[in-house]
Amino acid sequence: MAILAAPLLLAMALQGCLGQMPLPMGSLNRKLEAIGSSRAPSLAGRWLALIGGQGGRDQVVLVDLERQLPLPLPGLNRPDAQPLAVAVDASGERLAVVRQREGSTELVLYRRNLMALEPIAMQPAGVPRRISLRADGRELAVEVSRGGVWQVDLIQLP
C-alpha cells in the first residue's frame with residue numbers, strides 16, 4: 001500500500017509546485033476567431049498584432065487587449081499587398097510589416113499617429129521574412145535572405 005501511495009503523493013507535491021496551469025483567454029479568443037483565420041502574432045504590452053483573413057484576403061490586425069477590440073489601421077492594408085509578417089512595439093504606435101506587393105517582398109514601417117507607411121530599405125538588398133520590433137519601437141530585427149543564405153539584420157529606426 002505504501003508503494004502505491006508514493007507516486008500519488010509525488011504527483012500531488014509536484015502539482016503544488018507548479019501552481020495554476022495556464023488557461024486560454026476564452027472571451028478574447030472567441031473575438032479573435034471572429035477575425036477569421038489568423039497567424040504570425042506579435043505581442044507587446046497591451047497590443048496584439050497579427051495577420052487575419054476573411055474571404056481569402058489577409059490583412060494586418062491590431063488588437064487592444066485591455067479593451068479587447070481591434071483598432072482601425074487606415075492606410076496600412078492595401079488590396080494589392082499580401083502581409084507575411086508583423087511586429088508591434090509596446091506603445092502600439094509602430095508596426096513593422098513584411099508584405100508581398102507587385103511581385104516583390106518589402107519591409108515597411110506603419111506609424112499609427114501619422115496613419116502613414118514608410119518603406120525600409122534592405123542594405124545590402126535581400127528578401128525579408130520574419131521581424132521583431134524592440135519594445136520602444138526604435139530597433140528592428142529582420143530575418144533576411146541574401147543569395148540563399150539567411151541572416152539577421154538589426155536596423156535602427158528614427
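How many of the eight residues of strand 6 are buried? Seven are, so strand 6 is largely enclosed by the rest of the structure. This is a predicted model.

**Strand 5 with strand 6**

- Seven bridges link strand 5 and strand 6, and the pairing is antiparallel.
- Alanine 87 stands opposite alanine 96 of strand 6. Alanine 85 stands opposite valine 98, also in strand 6.
- Strand 5 and strand 6 form a hairpin, with five residues between them.
- Glycine 92 sits in that turn and has a positive phi of about 75°.

**Strand 6 with strand 7**

- Strand 6 also pairs with strand 7 (residues 104–111). The two run antiparallel and are joined by eight bridges.
- Arginine 101 stands opposite serine 104 in strand 7.
- Strand 6 and strand 7 make a hairpin that has two residues between the strands.
- Glutamate 102 belongs to this hairpin and takes a positive phi near 50°.

**Strand 10 with strand 11**

- Strand 10 (residues 139–146) and strand 11 (residues 149–156) are antiparallel partners, with eight bridges between them.
- The bridge partner of valine 142 is aspartate 153 in strand 11.
- Two residues lie between the strands of this hairpin. Glycine 147 takes a positive phi near 60° there.

**Backbone exceptions**

- Start with the rule. Most residues other than glycine have a negative phi, and most peptide bonds are trans.
- Glutamate 102 is not a glycine, but its phi is positive, near 50°. Glutamate 102 lies in the loop between strand 6 and strand 7.
- Is glutamate 102 buried or exposed? Its relative accessible area is 67%. The cut-off for exposed is over 50%, so glutamate 102 counts as exposed.
- Methionine 115 is another residue other than glycine with a positive phi, near 55°. Methionine 115 lies in the loop between strand 7 and strand 8.
- Which residues does the cis peptide bond join? The bond joins glutamine 123 and proline 124, with omega about -5°.
- Proline 124 is placed in the loop between strand 8 and strand 9 (127–133).

**The cavity**

- The largest cavity has a volume of about 50 Å³.
- Its lining is made by Val60, Leu76, Asn77, Arg78, Ala81, Gln82, Pro83, Val97 and Arg99.
- Strand 5 (81–88) and strand 6 (94–101) are the elements that give two or more residues to this lining.
- Which strand gives the most to the lining of the largest cavity? Strand 5 does, with three residues.
- By class, five residues of the cavity lining are nonpolar, two are polar and two are charged.

- The largest pocket is lined by 14 residues. Closest to its centre are Ile35, Gln59, Val60, Val61 and Pro70.
- Val60 is listed for the cavity lining and for the pocket lining.
- Strand 2 (47–54), strand 3 (57–64) and strand 4 (69–71) each supply at least two residues of the pocket lining.
- Strand 3 has the largest share of the pocket lining, with five residues.
- The pocket lining has eight nonpolar, five polar and one charged residues.

Methods
Residues are numbered from 1 along each chain as its sequence is written. This is a predicted model: local features need pLDDT of at least 70, side-chain atom pairs count only at pLDDT 80 or more; totals for chains, interfaces and linings use all residues. Side-chain values use heavy atoms; hydrogens and water are left out. On a 1 Å grid over the protein atoms alone, a cavity is a set of points where a 1.4 Å probe fits but cannot get out, and a pocket is an open set with protein on both sides within 12 Å along at least five of seven lines; lining residues have an atom within 4 Å of a point. Grid points are joined across faces, edges and corners, and a volume is the space filled by probe spheres set on the points. Helices (H or I, at least four residues) and strands (E, at least two) are DSSP runs, numbered from the N terminus. Ala, Val, Leu, Ile, Met, Phe, Trp, Tyr, Cys and Pro count as nonpolar, Asp, Glu, Lys and Arg as charged, and the others, Gly among them, as polar. Two strands pair if DSSP finds at least two bridges between them. Buried means under 20% relative accessible area, exposed over 50%, partly exposed in between (1.4 Å probe, protein chains only).
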